[in-house]
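This report is written for someone meeting the structure for the first time.

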Amino acid sequence: MFHQKSDTAWRLTPLAVSMCALVCSVPALAQDAGGRADAKRPTVSRAKATSPNATINLVNMLVKQGVLKEEQAEALIKQADDEAYVAREAAKGATMRAEEAAKTAGAAAAAASPPGTKHVTYVPEVVKRQLREEIKRDVMAKAQTENWASPGKYPEWAQRIRFYGDLRARYEGQYFPAGNDQGGAYNFNAINTGSPYDRSEGNVYNAPTYNASQNRDRARLRMRLGADIDINDQFTAGIRLASGDSNSPVSTNQSLGTTGGNFSKYALWIDRAYARYEPWNELTFSIGRFDNPFWSPTDLVWHKDLGFDGFAVQAKHEVAEGITPFIVAGAFPTYNSDLNAGINLTNANSGLYEKVPSNDKWLFGAQIGVGAKFAPYSALRLSAAYYDFTNTQGRTSSLCLVVSSSDVCDTDMTRPSFAQKGNTYRMLRNIFVDPSSINAPEYQYFGLASQFRPVVASGQLDLGDFHPVHVVLDAEYVYNTAFNRGAILAMNVQNNIGPTVAGGPAGVYDGGNQGWMGRVTVGHKEVKRLWDWNVHAGYKYLESDATVDAFVDSDFGLGGTNLKGYFIGGNLGISDNVWASLRWMSANNIAGSPYSVDVVQFDLNARF
């Protein structure tokens, strides 16, 4: 704390000056009750000091007197130790440099002087001070770099990583009214992701179906943990892990008690992994698995938490005050063919097999829109988007001999690798039937009957006249431009068939290619703090083949297309970053077999 400058002069460190000011501000301990100084001369205590450091002893004394708290004392002692260390290192370095300089100067002088000459090296005080300051700067720089001067501070590379996460606990009830047609609720996803289904009359087992009659209750959990990483001024990256019953793209919910029950552990999935390049604030390139790059105010077409695999570019530019057009484009692989997929030829005796041509599936998309801010807290946003799902439609195979469930036909890979429900399906395999065989097996896979090139119009009006309470109107419309009703009617479709009229012809396909959704939300735009709130209500109508059912909301009607109905809900903040949610959704089938379901969800959410 005190550094000797000469025999008669002393210099105080900054901490010592602060301590002196603190001590001087304390009333004299020797004053009597009337405030008068004690007439007795002060005496020096002969008690042994608790520490050889005067500053530490002084701090301990102030703690005993109640002037400082223990945590304040610990901070002052730590600061004193750091300053003392830096001062010692500086003095040691200055001495070493001075000695080296003296040796060098002495050696040079000895070489230039006659034998027997005596030399006395003198280093001026100003040089010593300069050496001490230089070494002190070097020591402090090293301390900052190696992070031992500020042990509570993260190293530089760790400061560029920002962790975040959220947790949601949910109760969900599913309630089915009487009148649902269990036989028509075929689960094509279960067939297409497993063994093919034998449609022959010799098969006594029914096809797998979705539950459409038995009420269900379940407790669910969602956990997500991610990190955003600043690589440099223009490049960032992100990763996120999430829970989930399966690798479903539209759900990270984990139903409790599954995977064998008995408190079995649950799986974690890679939910996000991407790199992002932003040459300037209005242009962004993303590659990997990232959030939906297209603006979508509702979940009519895209599930709100859907991750996109592939490449996307986003651009925006403010052309006038409050007017900002934007554009988005991207390419996303939705399925990659198996490199070793084989094909079963019609001549089983030849033993010949071929490799199936690639049937890679892609989604290409483009969106253009504009945002307009017409008041401090009010805005309007509009957009139009076009999407092209290539190689998504199912195709009929060439003539194929199938004698077991393990046989392969050349268009099997055109079936969906994941689906919910609602889209129209057709049979894929053109199976060779031996006329001499009775009830020969007909192992069949199913593919989408329609092509999908939907156009989507979206809009949002945010009225913030009562900020922080807002009134937000959301609307979205989708129309599948690739839909061909005549072509579908010519196929042997398996679902979305209208009822058979008594005494009339069998039912025909009655699916559709349009959908719309409207919603009004009142309250805080985002629930972050205690007592923040909002409520919403809306209506959804989504025909069977308006878009691919795999990527739409998984909660309304228990997921998929070919659904219509109402929904209401609300959120309430019960602490900072903790809120409760309640939703009720009532959905009915539009085409095909009768199907209705009411879903109630109560959530407790937390984020950090």
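## Nonpolar cores

In this predicted model, the largest nonpolar core consists of 50 residues. Within that core, W302, F308, Y387 and F389 have the most contacts. Once neighbours within four places in sequence are set aside, W302 is in contact with N292, S296, F308, L363, Y387, F389 and F551. Another core lies apart from the largest one and has six residues, among them A449, M491, V493 and Y509.

In soluble globular proteins, nonpolar side chains tend to be buried together.

## The largest cavity

How many cavities of 30 Å³ or more does the structure hold? There are two. Sorted by class, the lining of the largest cavity has seven charged, five polar and two nonpolar residues.

## The second largest cavity

The second largest cavity has a volume of about 30 Å³. Its lining is made up of W295, S296, W302, Q367, A385, Y387, V456, S458 and E476. Two of these residues, W302 and Y387, were named above for their contacts in the largest nonpolar core.

Strands β15 (378–390) and β21 (454–466) each contribute at least two residues to the lining of the second largest cavity. By class, five of the lining residues are nonpolar, three are polar and one is charged.

## Overall make-up

The protein has 27 strands and six helices. Of its 608 residues, 37% are buried. Among contacts with a separation of 6 or more, 65% are between residues 24 or more positions apart. The accessible surface is about 34600 Å², and carbon and sulfur atoms account for 58% of that surface.

V508 sits in the loop between α6 (485–489) and β23 (514–524). Is V508 buried or exposed? V508 counts as exposed because its relative accessibility is 54%, and exposed means over 50%. Leaving out neighbours within four places in sequence, V508 is in contact with N496, I497 and G498. From V508 to G498 the C-alpha to C-alpha distance is 5.4 Å, with the two residues ten apart in sequence.

T547 also belongs to a loop, the one between β24 (533–542) and β25 (563–575). T547 has 1% relative accessibility and therefore counts as buried, the cut-off for buried being under 20%. Not counting residues up to four places away in sequence, T547 touches V301, N423, F452, P454, V552 and T561.

## L572 in strand β25

Strand β25 contains L572. At 35% relative accessibility, L572 is classed as partly exposed. With neighbours within four places in sequence left aside, L572 is in contact with V527, W531, D532, W533, V578, W579 and A580. One of these, V527, is 45 residues from L572 in sequence, and their C-alpha atoms are 7.0 Å apart in space.

## Backbone features

Most residues other than glycine have a negative phi, and most peptide bonds are trans. The following places depart from that pattern.

Which residues are joined by a cis peptide bond? The bond is between H467 and P468, and its omega is about 15°. P468 is in the loop between β21 and β22 (469–480).

T259 has a positive phi, near 50°, although it is not a glycine. This residue is placed in the loop between β7 (254–255) and β8 (269–280), and its relative accessibility of 48% makes T259 partly exposed. N391 is also a residue other than glycine with a positive phi, in this case near 60°. N391 lies in the loop between β15 and β16 (399–400). With 38% relative accessibility, N391 is partly exposed.

Definitions and conventions
Residues numbered from 1 in each chain as written. Predicted model: local features only at pLDDT ≥ 70, side-chain atom pairs only at ≥ 80, totals over all residues. Heavy atoms only, no water. Core = buried A, V, L, I, M, F, W, Y, C linked by side-chain atoms within 4.5 Å. Buried < 20%, exposed > 50% of the residue type's maximum accessible area, 1.4 Å probe, protein only. Contact = heavy atoms within 4.5 Å. 1 Å grid on protein atoms, 1.4 Å probe; cavity = no way out; pocket = protein on both sides within 12 Å on 5 of 7 lines; lining within 4 Å. Points joined across faces, edges and corners; volume = space filled by probe spheres on them. Nonpolar A, V, L, I, M, F, W, Y, C, P; charged D, E, K, R; others polar. Helix = DSSP H or I, 4+ residues; strand = E, 2+ residues; numbered from the N terminus. Areas by Shrake-Rupley, 256 points an atom, 1.4 Å probe, with all protein chains shown as cover.
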